[in-house]
Amino acid sequence: VAMKPWSMRVWLILAMAAMTAEGGERGAISDGNRGEDIDASRDKDLAASSEAEFRWAQRKDRILLTIDLQGVTNESFSVNEDGIFRFEGTGSYRDRREHVDRYWIELRLHKGLNATDNTCGGLCKDWRLHPRQKTCKTSENASPWETCVIDAEVYNVTHCEVNARDVSCTLMKAKREAYWPHLLKDGKKPKNMHVDWSKWLDEDKDGVRWNDDVDRPWEWWKHDDEDEDEETEDDWKRKEEQKKRFKKQKKQRTGKK
């Protein structure tokens, strides 16, 4: 049966609409599968890698993490205000230098963190501190052997630094408060987590320095502008008198006048 021209147009329009709808449905399914593939790929990468060993210590205002991997490359860090910290990188342990592998850490900390600026005020990129030659400064007309010093401000923000023998991270707490009873939110102690006794400081000593002369707290932040090694005039006179006595005693021993 021959189709009329107007019915042919209607048929073509309906056919094209059906094909468009089918294509959109396939695209939606494809996008959904792509998202699932990305998640599956990430899970596969984590499964193929190993959890890294790390040590931790704390102060009233920060958490100090040290990841015991050397020569770390292709690293990435993630920190958020909910207290979730993630690390991925390729490296090796000191006692197994030839065994270079992919490692990761994912921690849900006891409380939230101050994690609002992943550039550390321009000194970091995605929480990673730029190499020292870009972040540290030397004094004007510095001698060749003078080492550069990183700005003090960077130590008061959340950041991570990749060193030759380890990776160190400073995670600032959301607020200055009493020591946390444990590092992780669930209170567990995984096998790859250890206390960093080399950096640990008891809570009653945090922010306090004890004076040698009297048994009372020395609030060092109130005396930063004082030069403790400054020699007074009385000190100078005392030293000069002591030198004269030594010279006199030496002459008496040697019989010289």
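Q: Which residue of strand 6 is the bridge partner of glycine 89?
A: Two strands pair if DSSP finds at least two bridges between them; strands themselves are DSSP runs (E, at least two residues) numbered from the N terminus. In this predicted model, glycine 89 is bridged to tyrosine 103 of strand 6. Strand 5 (residues 84-93) and strand 6 (residues 96-108) pair in the antiparallel sense, over nine bridges.

Q: What conventions apply to the numbering and the values?
A: Residues are numbered from 1 along each chain as its sequence is written, and side-chain values use heavy atoms, with hydrogens and water left out. As this is a predicted model, local features need pLDDT of at least 70 and side-chain atom pairs count only at pLDDT 80 or more, whereas totals for chains, interfaces and linings use all residues.

Q: In what order do the four strands of the open sheet lie?
A: The order is 1-6-5-4, with mixed pairing. Strand 1 (50-51) and strand 4 (70-79) stand at the edges with a single partner strand each, so one side of each has no neighbour in the sheet.

Q: How many disulfides does a search of the whole structure find?
A: A disulfide is a covalent bond between the sulfur atoms of two cysteines; the criterion here is a pair of cysteine sulfur atoms within 2.5 Å. The search finds two. Cysteine 120 and cysteine 124 form a disulfide with sulfur atoms 2.1 Å apart, and cysteine 160 and cysteine 169 form a disulfide with sulfur atoms 2.1 Å apart.

Q: Why is the disulfide of cysteine 120 and cysteine 124 described as left-handed?
A: The torsion about its S-S bond is about -90 degrees, so the disulfide is left-handed. For cysteine 160 and cysteine 169 the torsion is about 115 degrees, so that disulfide is right-handed.

Q: Are cysteine 160 and cysteine 169 buried or exposed?
A: Buried means under 20% relative accessible area, exposed over 50%, and partly exposed in between (1.4 Å probe, protein chains only). Cysteine 160 is buried, at 1%, and cysteine 169 is buried, at 2%. Cysteine 120 and cysteine 124 are buried as well.

Q: Which residues does phenylalanine 77 touch?
A: Contact means heavy atoms within 4.5 Å. Leaving out residues up to four places away in sequence, phenylalanine 77 touches, among others, Phe85, Trp127, Cys160 and Cys169.

Q: Where is aspartate 61 found?
A: Aspartate 61 lies in the loop between strand 2 (54-58) and strand 3 (62-67). At 18% relative accessibility, aspartate 61 counts as buried.
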